[in-house]
Amino acid sequence: MLTLEMTEKWLRELGRVYAEQKEYLTRLDSEIGDADHGINMNRGFSAVCAELDKQSPSSISAALKSTAFVLIRTVGGASGPLYGSFFLDFSKALDGKDTAESADVAAAFQAGLEAIKKRGKAHVGDKTMLDALVPAVEKMEVLAGEGKDIPTMLGGAVEAAEAGLASTIEMVAKKGRASYLGERSKGHQDPGATSSYYLLKAALETWK
Amino acid sequence: MLTLEMTEKWLRELGRVYAEQKEYLTRLDSEIGDADHGINMNRGFSAVCAELDKQSPSSISAALKSTAFVLIRTVGGASGPLYGSFFLDFSKALDGKDTAESADVAAAFQAGLEAIKKRGKAHVGDKTMLDALVPAVEKMEVLAGEGKDIPTMLGGAVEAAEAGLASTIEMVAKKGRASYLGERSKGHQDPGATSSYYLLKAALETWK
Amino acid sequence: MKKLINAPDDVIEEALTGMELAHSDILKVHRNPNFITRSSKTRKGKVAVISGGGSGHEPLHGGFVGLGMLDAACPGAVFTSPTPDQMEEATKAVDGGAGVLHIVKNYSGDVMNFEMAADLCGEAGISVESVIIDDDVAVKDSLYTEGRRGVGCTVFAEKIAGAAAERGDDLKKTAEFCRRVNEVGRSMGMALTSCTVPSAGKPTFEIGADEIEMGVGIHGEPGRERMKQKTAHEYVQMMGEAVVSDIPYKNGDELIVLLNGMGGTPLMELYLLYNEFEQFCKAKGLKIVRRLVGNYITSLEMQGFSISAVKADEKLLALWDAPVHTAGLRWGI
Amino acid sequence: MKKLINAPDDVIEEALTGMELAHSDILKVHRNPNFITRSSKTRKGKVAVISGGGSGHEPLHGGFVGLGMLDAACPGAVFTSPTPDQMEEATKAVDGGAGVLHIVKNYSGDVMNFEMAADLCGEAGISVESVIIDDDVAVKDSLYTEGRRGVGCTVFAEKIAGAAAERGDDLKKTAEFCRRVNEVGRSMGMALTSCTVPSAGKPTFEIGADEIEMGVGIHGEPGRERMKQKTAHEYVQMMGEAVVSDIPYKNGDELIVLLNGMGGTPLMELYLLYNEFEQFCKAKGLKIVRRLVGNYITSLEMQGFSISAVKADEKLLALWDAPVHTAGLRWGI
Ligand SMILES: Nc1ncnc2c1ncn2[C@@H]1O[C@H](COP(=O)(O)OP(=O)(O)O)[C@@H](O)[C@H]1O
Ligand SMILES: Nc1ncnc2c1ncn2[C@@H]1O[C@H](COP(=O)(O)OP(=O)(O)O)[C@@H](O)[C@H]1O
Ligand SMILES: [Mg+2]
Ligand SMILES: [Mg+2]
Ligand SMILES: [Mg+2]
Ligand SMILES: [Mg+2]
């Protein structure tokens, strides 16, 4: 069951993960982008955690909405508006809810994903975060439809994200800075898909 | 005896020598100046020779005066006005003469040297061309006073210039760009003193 | 890394303070979020023109804030797009009641952040029009990619839209002039050396002692081709051809031209290159009627240059010639 | 050597052509010998102001030819003083019957070539006054050396003498203002990297990846000290101290300041450095009343900066504020 407590736990786990993976994500971005993705994500989620320290959120959706605004204000670049939009619509989907079960959580992920698609106008196969998120959220919906609980659902989603992430290596980028490289973007794992994979993995960790 | 023919021969020999020593003089200047002395001298004396090709001078002083103006117009830097002034006053000293003996030549060198001193306000020991020219011209006056012929006189002058040149190595520069180096200018032979030594050596060659 | 900075994290804040101190007669720096406005308030009823983007391209954009050009600029971190709150606050600060034009260079980050800002401003009841500049012919344009990058023609767009707004054109017309500049404007750049982002601490790309990057982007993005060094004449032939053949410009066309230094290029060389480009245009029957030669949109200390051209007509020329008083561009006043 | 040139021997000619094409509204380039004049003739009875020196310091001097500043500039080869025939012809071309001021930077070559030119002009019946600028505190001044080099204060001297001449001051007064600027003006520079003279083909000096040259000259001449790199704050403290303590400037003094880039320094860093210098001056009780931040007297692609200051008074400020319209400096017009 998703509660306010679990929401906070997830956000703090994200703060920890992106601090840990800062160098790695930046290195991935240096290969096909501008070497800042880890710095950007870390800046954003440090600020999210600082905000949680400053003031306890009153509800799940308040926590996620504040996360969205902090990301939008602090991340910049391409990933700032994308993850910002994700959390904004994710929060809206859970508006008024004190607890949420797997179907609600899957629907919230779906709403967040749609926001990223709308904002970034990218498609699966463009070598972006969508290549990790789309198969993961599809898997969530299937598992939630089967009535699985949240940890099980997230477990399946992480597996799907991992496969999607691996598939970005051989793709030619069509969105973001990596697209300027054309064919030369092949052979490198997409940094944004990697950070999306961590986003899901952190959620799974929250239930462990 | 100095004639118009010998004057022209000397000037052309200078053209040859400074072309030959272009790299060497530039290398000396790169150590304590701005790495252009050989380029400057070669540019100047190529132009002097080109001028001689274009139009035969009518007299010794005309040849030397034209040399002065060509140098002033083409050399630039510190050495342009200095050698320009040298040839200008050198030419004036021989004005109206169709031939000149050692005393006249020594006096002409003396006049040219005075022009350099007046223009550059340097003294012996400042690590400049004066350190080669001053002892050389002093020697000329002595030898001319003893009634020696021009080649003998020039032979003595070249020897004196060579010693003066060597003495610049241990000097601290007080004039020209090298003076900014202060103590660090020690241990390097002065490029202008070197080109002055060649000026005298070429004169001696003219009589060989 | 050798740089004239203190700590990499403080570069933007300190540079903004210095900029404000240097140009307090023209501009004002606002903090939290960061944006730069003119020192005087927007005239009631005047359209406001805003631009912004990563820092490190100075004088773009802050250096173009002032009478006859921008009303505000939003500086991001070095080579990183600013965030929507910057554009939102800047827009609110300079709106004169006649709407606000956002001039956006075509990078995914910039586009998305400006888009979010425009949404927020719309919610606050301010009419915002956005124009995206994508003039870099080095990038092959395609429906299936991010499209071309926004580079040198941004300077033309800011000047011309700024002049339109200044003389009282409404938001629609101001935006139209801006779009027009982008439609008839093209650019291409090259680099001899890389830039070094302070927080990265090492050069953005490696390049050999006898190599150049043809078609480089203003963040040191890869270009069309890595090649052996050539002469100024050859560079200008290649880049000139790419720029003038893309629309293409035709015999008899009149151009406004920017011969731009990337930040580390001596002005002497820019003049030499400008001569090459004049000769190139002459041979093509193109007439340069106005020009800028200098550092206008830079990439930190990168050595290299870019050529930008926009097809001039009477209307654009009148706007180009209108008085401007900014830190980076000034005439008629 | 990677440069945006064709052949090293053609750099000056081609750059001059490009400069003339870029600024034909302001200036005209004359050939054989080379000199640059305003596009319009000197007003009858106006004192003419001329400067000149080696090329590679652009915009100095040609970029300061125009209304309110220089009447002519004489460009030598790169880092090599021009020859007397250049100054002679330039002087004859711009003499308006009221005499001509020669502004000369203190280098033996420049001084001697200008001196010869002045002699020649004197013989031709033109009154010439010469003022030598020697503001570089990095060099220890002494009766027994060449003395200090002329650097950044040359920009102040050209602006202020140019304005005096423009408003109708006679030769004596114009020269007096110029001398005054030199008396109350001081400068110092530093470099992170060397410049490369095209004809030399290799860097003028070698410098380690973590070293800087403190007190460098504008031709890459050695400075006071080779040292390990430091922060912008520390550089400005050292250089600021050297500059303001030399005369010295006193608590309450008002200054006109130039925070100058050496050619390869990003503008962002110059703003950051300017902030440091403002804070430095504030702590000393010195008030910066006018300032320039940018590339005004450069050394090809050298990275580094210099600080120049001149003590302002009412008269100098009025001349500083007077309208100027040149390629490199423009206001009030
Ligand atoms: N239009 C888009 N839609 C979805 N994801 C995108 C888009 N553009 C970029 N991205 C993602 O953003 C990541 C880069 O983020 P980041 O480095 O933080 O921003 P920037 O590229 O502005 O430096 C890419 O790896 C990619 O996954
Ligand atoms: N004031 C002076 N008097 C005499 N000789 C000088 C003076 N200044 C410089 N020189 C000579 O000029 C030489 C340098 O000439 P050059 O390299 O052609 O000029 P620049 O120093 O302007 O580049 C020095 O080696 C020195 O011998
Ligand atoms: Mg990135
Ligand atoms: Mg020299
Ligand atoms: Mg980025
Ligand atoms: Mg020289």
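Predicted model: local features only at pLDDT ≥ 70, side-chain atom pairs only at ≥ 80, totals over all residues.
Start with the ligand. Ligand 1 lies between chains A and C. It is surrounded by 21 residues. The closest are A:Asp34, A:His37, A:Ala78, A:Ser79 and A:Asp190.

Now look at the polar atoms. The side chain of A:Asp190 places an N or O atom 2.5 Å from an oxygen atom of ligand 1. A:His37 brings a polar side-chain atom to 2.8 Å from a ligand oxygen atom. For A:Arg177, the distance from a polar side-chain atom to an oxygen atom of ligand 1 is 3.5 Å. On its own, ligand 1 has 570 Å² of accessible area, and the protein covers 96% of that.

Which elements of chain A give two or more residues to the shell? They are α3 (37-54), α5 (79-93) and α9 (191-206). The biggest share comes from α9(A), with three residues. Sorted by class, the shell around ligand 1 holds nine polar, six nonpolar and six charged residues.

D:Lys46 sits in the loop that runs between β2 (35-38) and β3 (48-55). Is D:Lys46 buried or exposed? Its relative accessibility is 2%, so D:Lys46 counts as buried, the cut-off being under 20%.

What does the side chain of D:Lys46 contact? It makes a polar contact with the side chain of D:Asp71, at 3.0 Å. Leaving out residues up to four places away in sequence, D:Lys46 touches D:Arg38, D:Asp71, D:Gly96, D:Ala98, D:Gly99, D:Ala165 and D:Glu166.

Note on methods
Residues numbered from 1 in each chain as written. Chains lettered and ligands numbered in written order. Heavy atoms only, no water. Helix = DSSP H or I, 4+ residues; strand = E, 2+ residues; numbered from the N terminus. Buried < 20%, exposed > 50% of the residue type's maximum accessible area, 1.4 Å probe, protein only. Polar contact = N/O pair within 3.5 Å; in protein donor to acceptor, adjacent residues only side chain to side chain. Contact = heavy atoms within 4.5 Å. Near = heavy atom within 4 Å. Areas by Shrake-Rupley, 256 points an atom, 1.4 Å probe, with all protein chains shown as cover. Nonpolar A, V, L, I, M, F, W, Y, C, P; charged D, E, K, R; others polar.
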